[in-house]
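Hi,

Here is the structure I promised to pass on. Have a look at it first, and my notes on what turned up follow below.

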Amino acid sequence: MLSHPSLVASGVSAVGHHHVNLVVSDQSEAYVPESRVAELADRFALDAESDRPNVRLRVIKDDDWPFEAGQRVAPAPVVAVDLLDSDDERSRRAARELLASA
């Protein structure tokens, strides 16, 4: 799913790009323009009511889209903030390390 051109990987899906010491293989996280949510939900059979969600889409209004055309990964500060938003202490620790290295 993360290969879809309208998504910008962030949080746990961007740790490898930013060389963060965190391994998460069963979750995905990305930003998506609001106008593409329905298409992605249909294409990938996303279930907003799942008891165990493994995809987190951060929906941004099209007029507020902050990323460059073709950008595939969020910048380090954005990734760090998304990791800080996690309930997982390992993710929050990785966020602090990423912020310290920036």
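The second largest pocket has about 260 Å³ of space in it. By pocket I mean, on a 1 Å grid over the protein atoms alone, an open set of points where a 1.4 Å probe fits, with protein on both sides within 12 Å along at least five of seven lines; lining residues have an atom within 4 Å of a point. The volume is the space filled by probe spheres set on the points, with grid points joined across faces, edges and corners.

Before going further: this is a predicted model, in which local features need pLDDT of at least 70 and side-chain atom pairs count only at pLDDT 80 or more, while totals for chains, interfaces and linings use all residues. Residues are numbered from 1 along each chain as its sequence is written, and side-chain values use heavy atoms, with hydrogens and water left out.

Back to that pocket. Its lining consists of Val37, Ala41, Leu46, Asp47, Ala48, Ser50, Arg52, Pro53, Asn54, Val55, Arg56 and Leu57. Helices (H or I, at least four residues) and strands (E, at least two) are DSSP runs, numbered from the N terminus. Sorted by type, the lining comes to seven nonpolar, two polar and three charged residues. Here Ala, Val, Leu, Ile, Met, Phe, Trp, Tyr, Cys and Pro count as nonpolar, Asp, Glu, Lys and Arg as charged, and the others, Gly among them, as polar.

The largest pocket holds about 360 Å³. It is lined by 18 residues, and Val12, Gln27, Glu29, Arg56 and Ser86 lie nearest its centre. Strand S2 (28-33), strand S3 (55-60), helix H2 (76-84) and helix H3 (89-101) each put at least two residues into this lining. The lining of the largest pocket splits into five nonpolar, five polar and eight charged residues.

Now the overall fold. There are three helices and three strands, in the order β-β-α-β-α-α from the N terminus on. The C-alpha trace spans about 35 × 35 × 20 Å along its principal axes. With 102 residues, a compact globule would have a radius of gyration near 13 Å, and the protein agrees with its 13 Å. That radius is taken over C-alpha atoms, and the globule rule is 2.2 Å times the number of residues to the power 0.38. Among contacts (heavy atoms within 4.5 Å) between residues at least 6 apart in sequence, 70% join residues at least 24 apart.

As for burial, 32% of the 102 residues count as buried. The cut-offs are under 20% relative accessible area for buried, over 50% for exposed and partly exposed in between, with a 1.4 Å probe and protein chains only. In soluble globular proteins, nonpolar side chains tend to be buried together. The largest nonpolar core here has 18 residues, of which Val20, Leu22, Val79, Leu83 and Leu98 touch the most other members. H2 and H3 are the elements that give two or more residues to this core, and H2 gives the most, with four. A nonpolar core is a set of buried Ala, Val, Leu, Ile, Met, Phe, Trp, Tyr and Cys residues joined through side-chain atoms within 4.5 Å. Leaving aside residues up to four places away in sequence, Leu83 touches Gly11, Val12, Val15, Leu22, Ser91, Arg92 and Ala95.

A few single residues are worth a click:

- His4 sits in the segment before strand S1 (8-9) and is buried, at 4% relative accessible area. Not counting residues up to four places away in sequence, His4 touches Arg36, Glu39, Leu40, Arg43, Phe44 and Arg72.
- Ala9 is in strand S1 and counts as buried, at 8% relative accessibility. The C-alpha atoms of Ala9 and Glu29 are 6.1 Å apart, with the two residues 20 apart along the chain.
- His19, in the loop between S1 and S2, has a positive phi near 55° without being a glycine. His19 is exposed, with a relative accessible area of 72%.
- Ala45, in the loop between H1 and S3, is not a glycine but has a positive phi of about 50°. Ala45 is exposed too, at 65% relative accessible area.

Cheers
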